[in-house]
Each structure stands twice: as C-alpha cells, then as structure tokens.
Amino acid sequence: MTTAAWIALFSPAAAVIAIALAGTRITRSLAGLLAAGSVLVSFICSVIAFAGLLGESPDERSHSSTLWTWLSAGNFNVGAQILVDPLSVFMMLVVSGVGFLILAYAVGYMDGDAEERRYHAYKALFVFSMLLLVQAGNLLLLLAGWGMVGLSSYLLINFWHFRETAVAAGKKAFIMNAFGDATFALALFLLIQRTGSVDFRDVLQPGVVEKGSAVAVLVALGLLGGAVAKSAQVPLHTWLPDAMEGPTPVSALIHAATMVTAGVYLIARTHVLFELAPAIHDLAGILGGITILLAGLIALVQTDIKRVIAYSTMSQIGYMFVAVGLGAYGSGLFHLMTHAFFKALLFMAAGIVIHALSDEQDIRRMGGLGRKLPFTYRVFVIGALALAAIPPFAGFFSKDSILGAAANAGTLGWILWGAGAIGAFLTGLYTFRLLFIVFWGEPTPFAREHLHLKSFEGGLAMAWPVAVLAVLSIVGGWLQVPWGWSLVDDWLEPVAQSAEEATGLTFTFSVLASLLLSLAGIALAWRWYGRASDAPARARQRWPWAARTLEHKFYFDEAYDLAFYEPASRKAAALGRYVEQPVFLGSLGGLASGVRLASRRLSSVQTGYVREYALALAAGLAVLAIVFILVT
Amino acid sequence: MLTTILIFLPMAGALFVWIVPWPTARAAGGTALLVALAELVVWVNRALNFDYGTPGLQESTSHSWFSDLGVSYSVGLFDFSLWLVGLTVVVTTAAVAYGFWSGRERMGVYLGLILFLEGATVGVFCAQDLLLFYVFWEAMMIPLYVLIGVWGGPGRFDATIKFVIYTLAGSLLMLVAVIALGLSAGTFDMAQIGQNGSTWIFLGFAAAFAVKAPLWPFHGWLPDAYRESPPEVAALLSGVISKAATFGFLRIALPFFPAVVADWRTPILVLASVGLVYGSLLAFRAPDLRGVIAYSSLAQMNLIVIGLFAVNDSGLSGALLQMITHGLVSAALFLLAGAVERRAATGDLGLLGGLARGRPALATVLITTGVIALAVPGSSAFAGEFLILNGIFTRGWGWAVVGAVAIVLAAMYMLRLISAVLHRDPGPSVTDAALDLRPAELSVILPLVATLLTLSFWPAAVTDHSFGGKPTGTVSSNFEAAP
C-alpha cells in the first residue's frame, strides 16, 4: 500500500526527468502523453492505496513510510516520509484523477505551441509537487510540497514569458505565496521548540500546546497565513485573478481544482492545532465568509471569461474555509472534490471557447456561441448548474452540507451561513451572467468573423476529458445526500471528526433558503443578461462608485502597492543612493584614486602600491601586537 | 598524508604549469584542468573512505616546525572541513574549466594562480596549527590580488585596491590575534589551545573573518571585486573564499572563545541581521546581473553567520549546509552571469531580456539555479535556511522573523533577475547571434547544478555526515563554554 503511494508520488517526477533529458528527441505529443501517462499511473496507484485502506477496519487506516532521512541536525530528524491515511488518499484520488483528465486535455489544447515539451514537463512537476504536499508524513515535507506547487504555479503562469503581464503575474503569485511560506515556517519553529519534531504523529496531538495559549494562537496563525496565501483568501487573494495569464489548462488544474484548495487540506490535516486555538479557527471561517462575498461581488463586473471563473473559485474556496473553520471537515473536503470536478469542467469548456475564438477572452466580444458550439454549451450548462448548486448537480450536495453545518454552529455559524446564502445568490447571478453573455443571443460580428473550428469542438482529444468531468459534475455529489448517507464524512472520520450538521426543520430551512436564493440569482441574471436589457447599464449609471469599487476589486492591489511594494522599493533605492554609494563605495573609491595618484608620483612602478601598503600596515602591526599582548 | 596531498597537489600543479614552457596556451590550460580533476578524484576517494561515525580529526599529519614556539606543520580533516574541501575542489574544477574554455590571456599563469589558490584554500580548511592557518590564509589572498588586478574588468584597479586594503587590515589583525593566542596558550596547536576568555583576541579573529565573509558593514570591497573579477574568479571569491571566513568562525572563534561569543552574540547578530536585510534590499535594486548576485551573496553570508552564532545543533548544521549550498549556487550564478555577459556584452539588466526564447538550456539552468538560490521550499538552500532560522529561533524569535522577511525579499530579487534576463521581449543588447549555452559551458555548469539537485534530494548527506555523527555526540556540545 505504501509502495503504491511511493510509486504514485514518483511517477510524475520520473516523467519530468524523462522529458527534460529527452529534449527534442521525442515528439511534442509524446512528451504530453508521457506526462499524462505518468499521472494516470499515479491515479491507478492511488486507487490501489484506496482499496488497501478500504479493506481495513477504520481505526487501522494509517500507514507511515520513511525511505531516507531527508534532513537532520543533532537529534532533530526529518524523514522523506509519506503518510497513507483516509485524508491523504482522498486528496491523492482527487489530484491524480482530475489531474490526469486535465493533462490529457492539455495535449490537445497546447498542440502546436512552440515550447510544448516544457509545458508538459512543468505540468508533471506540478502534479509531483501536489502529491508530495498531500502525501507528506511530516510538516516540513508538507512545506516542501507547498513551496514546490508554488514554484510550478509560477513557472506555468509565466509560461508565455514574452508577455509582460504574464511575467508580472507569475512574480506576484510567487512572492505572495513566499509570504505564506514564511509564516508557515515560523509556525514550524514554534512547534519544533515544543516537540522537537515535525512528524504528524508527534505534532498533531491535543496536548502539544496549551489550548488557547499565545503559542497555540501563533502556531495556528502561522499555518493560517500559509493557507490563506495558497488558497487566495482575503487578504492574500490578489494574485489569483492575475494568474489567469497562464494557459487555460493550468488555470483548470492549479488555480481551480488542486493547488488553491491546498489551504483547505492544510487546515483539515492540522485541525488539532486549530482546535487548540479556537479564535484562529474561527478566523479561518470568517476570512472564508468575507471571501465568498467579496469575490462574488467582483465577479459580477469582470469581463474576462477566465477571471469571472477565477473569482468564482476564490468564492467557492471561501465556502470550504467556512466549513473547515467551523469544524465541518468532511463537508469542506466534499466541496473541494465536487468543486474540482465542476470548476475544471468550466475552465476547460472556457478553454474550448477561447481556442475557437483565436485566443479571445473578453466576453463582450462573445455571444451566441451556443449554436456554434453545442457540445461546449451543454457541458458549460452542467458546470454552471453544479456551481450554482442546483439539484441534482454536484455543487448542490456539497454546498448544502456546508450550510447545514453552519446552521448548527451557534451565532458565528449563522453569520457565516448568511454570507454563504448571499453568496449562493451571487453565484447564481455571476455564473449565469457569464453563460448568457457568452452562449445566448445573436453571435457578435467578432464571433462570426473569428470563429474557426478545425474539427469537432476542440477535437476529440480535448472533448473526452471534458465529457468525463461533466458526468462527474452530476454524479460526484451523490456521495453525500441529505437524509440519506454521508460517505465522505464517514471515510474521513478516523482523521478528522466532522462537526454535526443541523437536522430537522433547521436543515430543511437551510437547504430551501439557499436553493431559492440561487434560483433568484439565476432569474435576475436571465432578466438582465438573458435578453436585451439596459438594466445593468442603468445600475451602473445610478451607482457609479459601486461599479468603480468593484472594477478596482476593492482597491486591494492599489493599497498593497502603496503600503508594501512602493515603500520597500523606495527604501532599497534610498539605501543604495544615500548609504551604500557614499559610505561604503564612495569613500573608499576616493581612497583608491588617492592611492593611485600617490603611487604615480612616488614611483614609476605601477604595482608599487601593494608593497607600500604592506609596509605601512606591517609597521602598524608591530604596534598592535604589543598592545594586544599587554592588554590580554 | 592524504591531507597533505590535497593541499600540495594543486600547488605543485601550479608550479608545474608556471615553469614548463608550454608550446600553446591550450596545452597549459589542459594540464591545469587535469590537475584540478586529479584533485577532485583524490577528494572523492577521501570522502568515500571517511569515517563519519566518529568525531575528531582524521588523516592528520604533524611535524614540528619551530619547536621552541610550539609551531608545527599540522594538518587533518574534520568531517565538516571535508565538506568545505569538497566545495573548494568542485568549484575550482569548474572555474579552471571555465577559464580554459574562455581562453584567458596568459593561460598558464592564470590557471596556475587559480590552482595555487585552491591549494591554499584547502590548506585553510585543513590546518590544525594557528600559524599554519594564518600562512595558508595569506597564501590564499595573494593569488586573488593578482587575479583581480591583472585579469579584471575596466575598474580592476580600484577594485583591487579596496580588496587589498580591507583584507590586509583584516589579516593583520588576525596575525596579531594568532600570535597573542599562541603565546598566551603556550602552543599554536589547535588541539591543545583550549578555551580563552580574551575579548581582544576574539575580536582580532572576528575582524578578519568579518571582512572576508563579509559581515555587514565590512563589505565595502565586495561589489567592485565581484563586478570586476573574471566570472570564474568571482565564482571562487563568493563561492569558496567567503566560506573560509565562516569556517574561521566555526573552527576558531566559536570553540576557542565560547564565553566571549556568548557575550558578543547580540551585537554580532544585529550586524548580521542588518546585513541580511540590507543585502537583500540592495540586491533587489541592483542595476546589473553581478550586482544582484553580489548583494544576494552578502545577504546569504550574513545568514550563515546568524546560524553559526546560534551555536546550537540546528544553527550549526544549517550554517554548514548553507555554506555548501551557497558556494555551489553563487559559483553557478557567476558562471551563468559570465555566459550572459559574453553574449550580450553587458550585464545591465535594463539591456537584457528575452533570452529564454530559443535558448532552452540557458533558461532551464538559470531558472533551476535561481529558484534554489531563493530557497524554494524543498531545495537544499531551503533546508539550510530552515535549520539556521530554526536554530536562531531558540535564541529569540525576533531573529527568525527578520530571516523570514529575508525569505520574501530573496524571492523578489531572484525572480527579478530571472525575468530581467530571460523573459519579455529581447532587450537592446540581445541579438539572435546570442546562442544557447554551448556544450562546453554546460559541461562546466551542469555538474554544479546536478550537485545542487542531489543535495536538495538529500540534504542530510551533509548534515548527517558532519559534526561527529549522530546521535552519540550532538553538534553543539563541541562549542559550549567549559564550566
């Protein structure tokens, strides 16, 4: 079982090495197939590990395996160690399963790009890093995976490195995540000080720090900093929309289905530490609630098809943060899984649209594509319904599981429930706004002119993974059905006991209210965007400040520039101009030219200066030696 | 015996290369390269047969020199010095190969100097007698003066003057300290000196090491020296020679003056922390390729000093690992900078750009080295930084927070460098005539990068095989003040 997990981990790494070494000796599509095939191997191995765990009684389902000592210092040892337990296998299945579908799709999507092999190698590198993150058996290795997914994300965001915007977006993503890595590392130092270890089995114990103590708060805060940065939650969220500069399958894999949900995994994995610091645990939920609303609102005014979906991703991860923040780990991870299905589906459908329109991403130039791209239209509808949480699509079950848990978590729970319910309305509105603008109505002149299809929409290579995800976006939610069964909660129970969901009337109310709000959002979207209407324009005229605030994304970017980047940049420049140059370089520079002048005068030998200095200093040395011996 | 061979093989090689009237520069260079490779083989053989489980000196040789003064030719290897010798021979081999391939003028003299430098540096790492340590220390400086002063860039004169003034001042203070320590202990044998409580002698040593590392604010020589040297000499300076200074802290300052170190910890940590942030900020604004690498080197060396002055298992192991990693990283970066400057005839970041397109080898190698340099989690640089900061954390959480800030700054300046060279549209100085890395360049730089990747896969290769093995003797017990 652990053998299968090790193979799952190293299979994509082997593909990276193979593609890098083979270079141009293999064809581009072979490089793509190699990458996708290696992830398929990972998926099969994950299934084997899953089957292995299934055959055991629930309390035995935890296997740790160490291959070698990765790092040591005195008595502090960190192994190259993986942990196979229900939570890690759950994540492995999602990562490698969805990952395989997206990599297969990418073979078609990237076909013909000048640097296709590099792309496939990066993609496999990402899957390796992500698997390392979810399989790691200790916090340091988890942090290693954590940083490496950030690295692969950086490499893929600026994959088209000749675009100024892509380069800037990649840097921004990496640096914001470096901030999260730093707080993560600080939390580890505290834990090492307390326990002398980073092994999950030593660290994730209820007695490791005193509940509610300052240390407990700082540890949880450090971990939350990492989680918030990686999962693009307020206030470290501004990198994600910019990250849409990467190729669309990258957005689907990294910035929707897997990497950005790593924060949710981290909180679930280290839930013991969060439960020891209830204030920070609540803070995770609160940040999630804020992100749901903020991102949902911004999504309403975005005009780039991928950015709308990106803001929707932030908002949906907000739901997951609400869930894990309130202790409903099963619900949070269930939503993580269904979201991976339908969000990857939406991105890949958007990718087909972008491809068909010669890389156009502005929805104002699209329209009426439903008739031209019937397959894409249908799968997009499935994804949109799943996202808007309409039964029987997947999002309905997972989102209502979260709201049901929130309804049973006291005052804070109800506040977050409120945020989630309003979020449901916003989700319906922005999702169907996008759907109606892109696929309904008459084709725009631009769409008519630029629409070109080589074969079937995107070709079969791109279509079949999309079709599989469309099916999963429907049936994936049936793992956990209200008043029926809760397979995900039960499976994860040995690792993280989920908080109870509301029952009876409260639950019924929660489900119906959020469903009605979703439908209301869709209805409003239909009134405004489903047919000719000047309502959006009038709203914009009436509340210009509101539109401006949303278009500036609540001014986070501007504020950060003003508060951090500009001062740091100015300080660095000032240090160079007023300290380094005059004090360290200038004064001695003058000395050097003085020496040059003196040596020219004193001696015709150009290299005389060394000898003279040596002599002068040797004289000083004699004096110093006497002083030293006298003093000591 | 083997230690003596490690020291004098390159020196003898240097003499051979200098004396023989080679018919062509190629013959002289080829011979020098063979000597460097032979040295590498000797070291690999030594490392494979080293007994890492037991603490203490191995392969030691001792001959009395001035018996009435207690001075002897005494050399030997600790497990941690073995790693630093390894760094020296690996980077020197790369430097010699690079210089050979670049076709420097007066090839024999040039490469002979580098070989002599190698021998002296290995001597510093192996010396077990204080006076011998000083002799090798000085022997290490002389070839550097010539290498920068003769083969340097247009500003080499000023660069050399500054370098000479700084290092001479430092080494003379050290000589005074060496004499004072030896006389007060009655012997120059490092094994017998024992602990000393003199602040002045400690400061004499610390001054020399602080200049050479360099510790902030003793870095005035660094930007010019790193900018004006030939790339392979800059690689040696920042990769290897700077490590002789941190080795000095580790081998002399910490074990001989534990009580003084405890008193002076806070001031030194303050300087090192300032240097870490200062270097990172200047690296972020440096206008040229070598400036970024030079100031990032300053920051990294100060980080290593922070780890050393934590004086605990984590800090010391981390500092050693970081010395090795940074040595390889900065050597690779300077050689890459040389390769870029060769193609664009400038290191000005504003004139570069767009080199990634159509040059996959250059892009891959630069990005790999760059992300290791910025200590992406999972890399050996990350492992080293993590141990250093974890070590200093127990001395005070504030130091670790400063280090954490530097992690973010490192990401900022390294990504800036990568993008400025590789990304966006080609800069004014980048033409289509700029080729991808040639096989010869790759054969020099790739081994460095491959070593870094191996170390990232297994950083415990260093930490598990240094400071006398584990768990019998923990690292820091060697450096505690006697009761």
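Glu115(A) reaches across to Arg357(B) in a salt bridge, with the closest N and O atoms 4.0 Å apart. Bear in mind that this is a predicted model. The rule picks up two salt bridges across the interface of chain A and chain B.

On the chain A side, the elements giving two or more residues are β1 (63-73), β2 (76-84), α5 (139-157), α6 (164-195), α26 (556-602) and α27 (608-631). The largest share, 17 residues, comes from α26(A). By residue type, this side of chain A splits into 51 nonpolar, 13 polar and six charged residues.

How much area is buried between chain A and chain B? It's about 6,500 Å², and carbon and sulfur atoms give 76% of that. Here's who takes part:

| Chain | Residues in the contact |
|---|---|
| Chain A | 70 residues |
| Chain B | 76 residues |

Now for chain B by itself. Its secondary structure comes to 18 helices and two strands. The C-alpha atoms fill a box of roughly 65 × 60 × 40 Å along the principal axes. Buried residues make up 70% of the 483 in chain B. What about contacts along the sequence? Of the contacts in chain B with a separation of 6 or more, 82% are between residues 24 or more positions apart.

Key
Residues numbered from 1 in each chain as written. Chains lettered and ligands numbered in written order. Predicted model: local features only at pLDDT ≥ 70, side-chain atom pairs only at ≥ 80, totals over all residues. Heavy atoms only, no water. Contact = heavy atoms within 4.5 Å. Buried area = accessible area lost by both parts, 1.4 Å probe. Salt bridge = Lys/Arg side-chain N within 4 Å of Asp/Glu carboxyl O. Helix = DSSP H or I, 4+ residues; strand = E, 2+ residues; numbered from the N terminus. Nonpolar A, V, L, I, M, F, W, Y, C, P; charged D, E, K, R; others polar. Buried < 20%, exposed > 50% of the residue type's maximum accessible area, 1.4 Å probe, protein only.
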